[in-house]
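Dear colleague,

I am handing over a structure for your studies. Please look at it first and then read the notes that follow.

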Amino acid sequence: MNEKLALIMINGIIAVPMLLLAFYLYKGKGGFLIAGYNTLPEEEKAKYDEPALCRFVGKNMFVLTGLMVVWTIAEIFEILWLLIAGIALFVGVVVFMIIYLNTGNRFRKS
């Protein structure tokens, strides 16, 4: 039982800040938190729709946080297939985000 409580606490320590960041990004703020975007020069940042970019990342962070909750549930109830599915979906969402953000100039201003 102590291991399960420790797992819940560790996942909570990680998931709660992620959830707060997801809300902040979803509001269209916090572009300085997005890796890659925050290192662009100001003239390059001006070419991007920062609120839309932040909302996209925020939405996906909600999904990633939810998948972390799925991992916790899978560990508590010892459901191995759910844990594997949660991890696979987490990796899939991250890969999707990387590809979507870096192709098609979707967040460039017109």
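Helices (H or I, at least four residues) and strands (E, at least two) are DSSP runs, numbered from the N terminus. The structure is a predicted model, in which local features need pLDDT of at least 70 and side-chain atom pairs count only at pLDDT 80 or more, whereas totals for chains, interfaces and linings use all residues. Residues are numbered from 1 along each chain as its sequence is written, and side-chain values use heavy atoms, with hydrogens and water left out.

I begin with helix H2, which covers residues 42-45 and contains Lys45. Lys45 has a relative accessible area of 16% and is therefore buried; buried means under 20% relative accessible area, exposed over 50%, and partly exposed in between (1.4 Å probe, protein chains only). Leaving aside residues up to four places away in sequence, Lys45 touches Tyr37, Asn38 and Leu40, where contact means heavy atoms within 4.5 Å.

Next comes helix H3. H3 has 27 residues, and the distance from its first C-alpha to its last is 39 Å, close to the 39 Å expected at 1.5 Å a residue. The expected span of a helix is 1.5 Å times one less than its number of residues. Thr72 lies in H3 and counts as buried because its relative accessibility is 11%. Which residues does Thr72 touch, not counting residues up to four places away in sequence? They are Leu7, Ile8 and Asn11. With Asn11 there is also a polar contact, from side chain to side chain, at 2.5 Å. A polar contact is a pair of N or O atoms within 3.5 Å; within protein, one must be able to donate a hydrogen and the other to accept it, and residues adjacent in sequence count only if both atoms are side-chain atoms.

After H3 comes Glu78, in the loop between H3 and H4. Glu78 is not a glycine, yet has a positive phi of about 55°. Its relative accessible area is 64%, so Glu78 is exposed.

Leu83, Gly86, Phe90, Val93 and Met97 are buried in H4. An α-helix has 3.6 residues a turn, so residues three or four places apart point the same way. Helix H3 (50-76) is included in what covers the buried residues of H4. Val91 also belongs to H4, but is partly exposed, with a relative accessible area of 46%. Just after H4, Gly104 has a positive phi of about 80°. In the segment after H4 lies Asn105, which is not a glycine but has a positive phi of about 50°; Asn105 is exposed, at 57% relative accessible area.

Finally, the largest pocket has a volume of about 480 Å³. On a 1 Å grid over the protein atoms alone, a cavity is a set of points where a 1.4 Å probe fits but cannot get out, and a pocket is an open set with protein on both sides within 12 Å along at least five of seven lines; lining residues have an atom within 4 Å of a point. Grid points are joined across faces, edges and corners, and a volume is the space filled by probe spheres set on the points. The largest pocket is lined by 20 residues, with Ile34, Ala35, Tyr37, Leu53 and Leu101 nearest its centre.

Yours sincerely
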